[in-house]
Amino acid sequence: MIEVALKCSCGQVEGTAHNISPQTGLRLVCHCDDCQAFANYLGREADILDACGGTDVFQTTPSQIEITKGHDQLRCVRLGPKGLFRWYTDCCKTPVANTINASLPFSGIVHNFMDDKGLRDNNLGPVRFSVMGKFAKDGSPLPRDTHDTFPLSIMLIAIPRMIKNKILGRHKPSPFFDKTGAPVCEPVIHTKD
Ligand SMILES: [Zn+2]
Ligand SMILES: [Zn+2]
């Protein structure tokens, strides 16, 4: 288990991801249109998305994420009224993490926010799943094991883990939701187009 430094591109927002290992999270690359729209919204497609339009995300729990500096720069966008709560920094539009709601122990940390250059494979393990390939852009060839959609095999890992983390109370404390479950800043609702 290691601690991974978290940092936005300009350094105004910093934090730490605690107890990180390939076993305490799930690393995947998502090519979905929602993740692509988020990168587009931030104006940083070039360094968020890979050549196929994929985003490298490490799914872990909110209680493992601590923001130590620059809380006032956190912003949230939802792509549609029922969309994920997608967190980013206002200062330099760095994507931070994607969450579902306050009560689920789920936070997908976007790679740009992890200060782990050169150590990522070591810290998180290799990419376990490449998903939502039906939305991939024509770029370099997709990894051969890319799933068209979000496969059941992930759910078979993620759901038991989510239940365990819920029992252990790892949905809080959260840097994204306060004690009442309200988001720490009002999400902007944006349409995908
Ligand atoms: Zn910044
Ligand atoms: Zn996605």
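## Ground rules

In this predicted model, local features need pLDDT of at least 70, and side-chain atom pairs count only at pLDDT 80 or more, while totals for chains, interfaces and linings use all residues. Residues are numbered from 1 along each chain as its sequence is written, chains are lettered from A and ligands numbered from 1 in written order, and side-chain values use heavy atoms, without hydrogens or water.

## An open sheet

Strands of a sheet pair through backbone hydrogen bonds, either parallel or antiparallel. Here, 3 strands form an open sheet in the order β1-β2-β5, with antiparallel pairing. Strands (E, at least two residues) and helices (H or I, at least four) are DSSP runs, numbered from the N terminus. Two strands pair if DSSP finds at least two bridges between them.

β1 (2-7) and β5 (65-69) stand at the edges with a single partner strand each, so one side of each has no neighbour in the sheet. β1 is joined to β2 (residues 14-20) by 5 bridges. Isoleucine 2 stands opposite isoleucine 20 in β2.

## Two zinc sites

Zinc ion (ligand 1) has four protein donors: Cys8 (SG), Cys10 (SG), Cys91 (SG) and Cys92 (SG), lying 2.3 to 2.4 Å from it. Donors are N, O and S atoms within 2.8 Å of the metal (3.2 Å for Na, K and Ca); water is not among the atoms, so sites may look incomplete. The angles run from 105 to 117 degrees, which makes the arrangement tetrahedral (four donors, all angles between 85 and 135 degrees). Cysteine 10 and cysteine 92 are 82 residues apart and link distant parts of the chain. Cysteine 92 is buried at 16% relative accessible area, whereas cysteine 10 is partly exposed at 43%. Buried means under 20%, exposed over 50%, partly exposed in between (1.4 Å probe, protein chains only).

Cysteine 30 and cysteine 35 are both buried.

## Aromatic contacts

The model has 5 aromatic pairs. Rings of Phe, Tyr and Trp (its six-membered ring) pair if their centres lie within 6.5 Å; planes under 30 degrees apart count as stacked, over 60 as edge-to-face and the rest as tilted. Tyrosine 41 and tyrosine 88 form an edge-to-face pair, with centres 5.9 Å apart and planes at 80 degrees. Tyrosine 41 lies in helix α1 (residues 33-42) and tyrosine 88 in strand β7, so the pair ties together parts 47 residues apart in sequence.

Tryptophan 87 and phenylalanine 176 are stacked, 5.1 Å centre to centre. Both are buried. Phe85, Trp87, Phe176 and Phe177 form one aromatic cluster.

Note on methods:
Tetrahedral: all angles 85-135°; square planar, octahedral: opposite > 155°, others 65-115°.
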